[in-house]
Amino acid sequence: SENERVPSIEELCRKIPILSEYCVKLEDSVKRRYLEKIAEVGVDPVTIPDQQFDTECLPPIEAMDLLSYLVLETSFYTKEQFKAYKSLEAYNFLVSGFLTSIQGCIVAGKHIVTGKVRHSQRMNEALICVWILAEKDGTVRSAHCLGCKAGLSESCSHVASVLFYVEAWTRIRGQLACTQVKCSWLLPSFVKDVPYARMRDINLASARKLKADLDKTIDSLSENSEAQATFFTASRRELTVEVPTEAEMDTFYKSLDR
C-alpha cells in the first residue's frame with residue numbers, strides 16, 4: 001500500500017533542510033540509512049553550529065543503555081544483533097584521553113551528542129567524528145562514525161568510547177550537586193600528543209586498572225565532595241613515583257638478564 005511504500009532518497013533529502021558534504025558524498029545505500037537516522041530530528045548533526053552545543057547537555061545514558069545498544073540492538077545492514085562485545089572494551093579510549101569535544105544539544109525532543117576520537121595507532125591523523133542520537137531518558141536510538149569505511153559501522157569502538165564517556169558523565173552527575181563542579185572536569189582530559197618521557201614518569205597502569213580507578217573515584221563522590229573532586233582533577237596531572245632502592249634496581253636488572 002501507499003503507506004508502506006519506501007520513500008526515495010530524494011524524498012528523504014527534502015526532509016532535511018541542509019545536508020553535510022559528508023552525507024552528500026555517501027553511496028546510495030549508505031546514504032539512505034544515514035538519512036533515515038537523521039530524519040528523526042530533521043537535521044544533519046554534522047551541520048549543527050558548535051555554538052548550539054553544551055558540554056553539560058548530555059543524555060542520562062546508563063550501563064544498561066550502553067549494553068542494550070552495543071550488544072542487543074539489531075544491525076540495519078545484516079538484520080542481526082550487533083553483539084559488539086569487543087566495543088565494550090572501548091573504555092581504553094576514555095581512560096587514555098583519546099576523546100575530546102564531547103557535547104550535546106536537544107533537537108526535536110531528542111539528544112544529539114557529538115564527539116571526536118583519536119586514532120589508537122595513528123596519533124597524527126585527523127580526529128574521527130562521531131554523533132549519537134538518544135532519547136531524553138538515555139535510550140540510544142542510533143549512532144554514526146564518520147571515520148569508519150563508508151560510515152557502515154554504527155557500533156564501532158569510536159562510537160562505544162563516546163557512549164562510555166557519557167555513561168561516566170551520567171554517574172558523576174548523579175553523585176555531585178549540579179552547582180559544584182562540571183562533570184567533564186572529572187573525566188580524563190584529552191591528550192593532544194604523546195611526548196617522550198623518562199620511564200619513571202610514565203604511568204604503566206593498564207586501561208582496565210585505570211577504568212577501575214575511575215569507577216572507584218566516581219562511586220566515592222557525594223553531594224558534599226567538592227574537595228574530593230578538586231583533589232582528583234589535580235592528581236590526574238601529577239604522577240608521583242617513588243625512587244627505587246639499589247636492591248630493587250639490582251633485582252630488576254637481574255630479571256632482564258635472564
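1. A contact here means heavy atoms within 4.5 Å, and the helices (H or I, at least four residues) and strands (E, at least two) are DSSP runs numbered from the N terminus. This is a predicted model, in which local features need pLDDT of at least 70 and side-chain atom pairs count only at pLDDT 80 or more, while totals for chains, interfaces and linings use all residues. Residues are numbered from 1 along each chain as its sequence is written, and side-chain values use heavy atoms, with hydrogens and water left out.

2. The chain has nine helices and four strands, and from the N terminus on their order is α-α-α-α-α-β-β-β-β-α-α-α-α. Of the contacts between residues at least 6 apart in sequence, 62% join residues at least 24 apart.

3. Buried residues (under 20% relative accessible area, against over 50% for exposed and partly exposed in between, with a 1.4 Å probe and protein chains only) make up 39% of the 258 residues. The accessible surface, from the Shrake-Rupley method with a 1.4 Å probe and, for residues, with only the protein chains shown counting as cover, comes to about 15400 Å², of which 52% belongs to carbon and sulfur atoms.

4. In helix α4 (residues 63-72), Asp-65, Leu-66, Tyr-69, Leu-70 and Val-71 are buried, and the buried residues of α4 pack against β4 (140-145) and α6 (157-175).

5. With a disulfide taken as a pair of cysteine sulfur atoms within 2.5 Å, the count comes to zero. The sulfur of Cys-105 is too far for a bond because the closest cysteine sulfur, in Cys-57, is 6.6 Å from it, and Cys-105 counts as buried at 5% relative accessibility. Cys-148 is likewise in no disulfide, the nearest cysteine sulfur, that of Cys-145, being 3.4 Å away; Cys-148 is buried, with a relative accessible area of 17%.

6. Phe-252, Tyr-253 and Leu-256 form a nonpolar patch on the surface, with about 350 Å² of accessible area together. Patches are made of residues with over 30% relative accessible area and no salt bridge, like charges being joined within 9 Å and nonpolar side chains (Val, Leu, Ile, Met, Phe, Trp, Tyr) within 5 Å; a salt bridge is a side-chain nitrogen of Lys or Arg within 4 Å of a carboxyl oxygen of Asp or Glu. Leu-256 lies in helix α9 (residues 246-256) and is exposed, with a relative accessible area of 56%.
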